[in-house]
Amino acid sequence: MTAYFPAVRLRRAVGTGALCVGLAVAATGCGEEPDPDKGTNGVGKLSAEQIEDKARSAATAADSVRLSGTVVSGGKSFTLDMRLKADGGSGEVKSQENTFQLLRVGEELFLKADAAFWGQSEAAGKLGDKFVKVPEGDPSYKQLRGFTDMHVLLDGLLGLDGKLDKGAYTKIGHTRSIMVTADKGAGGKLAVSLEGTPYPLRLERAAGAGAVELADWGTKFQIEAPPQEQTVDYGSQLPTTKGTGSSAGSGSAGSGSGGTGSGQGSDPSQG
């Protein structure tokens, strides 16, 4: 009897040791934490400032991106879903008052919306659901163009305000990422990819000024001017709404009273 118990203990000890070796091989270890940077691009090992710099550099060098989410600017909220690249962009913009599509090919900018967007303008019936060319001289042009300019929009959005700290390792969709926070989150949060190029994947702007997701970095897509039969060139300025004297795409044209369009006198990339 006395020889039996040590043998049992020995077999148990050997079994436990084998289990520990097996777990170690499986990269979980016995009593050891897995390495969160294993298999990543190594960005997680850098300082918060270096991670932000890497993300900015990656965004600047990229050829294209899809940007979606909400931006609060000038007290107004805009919901964006835009595909952007260096020479143009396309997508949808929603404000509390309106929903419209934008398409820019080079310097040519087109706006498409239903007849209600154009309010009581005499041309509303003709412009509804048409691609209306926005004249470069119209006050709305610069404001609306900002939604389609990849680098202008990213430069305005990708900014954290305050002391930077590294946050938690997380996932955006299926992509491993690391968070960078500013002023303990009050100054914004930025998720940066730990896989491949360290692109910014999600930004929560400071002071609750919206949150956007950034995807499809470097994905090629085509943008073309709309067919001529679907296009209206209204001339040197967008139509004005009856009784206001205001350009339909701007709140700052004409008499200065609020227009029915989208510009609202705000730069969407600025909080």
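A cavity is taken here as a set of points, on a 1 Å grid over the protein atoms alone, where a 1.4 Å probe fits but cannot get out, its lining residues being those with an atom within 4 Å of a point. The structure is a predicted model, in which local features need pLDDT of at least 70 and side-chain atom pairs count only at pLDDT 80 or more, while totals for chains, interfaces and linings use all residues. Residues are numbered from 1 along each chain as its sequence is written, and side-chain values use heavy atoms, with hydrogens and water left out.

The largest cavity is lined by Arg56, Ala59, Thr60, His151, Leu154, Asp155 and Leu158. Helix 2 (48-61) and helix 5 (150-157), both assigned as DSSP runs (H or I, at least four residues), each contribute at least two residues to this lining.

Salt bridges, defined by a side-chain nitrogen of Lys or Arg within 4 Å of a carboxyl oxygen of Asp or Glu, number 10 in the whole structure. One of them joins Glu107 to Arg145, with the closest N and O atoms 2.9 Å apart. Because Glu107 lies in the loop between strand 4 (99-105) and strand 5 (108-113), and Arg145 in helix 4 (residues 139-145), the pair ties together parts that are 38 residues apart in sequence; strands are DSSP runs of E, at least two residues. Glu107 is partly exposed at 42% relative accessibility, whereas Arg145 is buried at 17%, where buried means under 20% relative accessible area, exposed over 50% and partly exposed in between (1.4 Å probe, protein chains only).

Note on methods: 1 Å grid on protein atoms, 1.4 Å probe; cavity = no way out; pocket = protein on both sides within 12 Å on 5 of 7 lines; lining within 4 Å.
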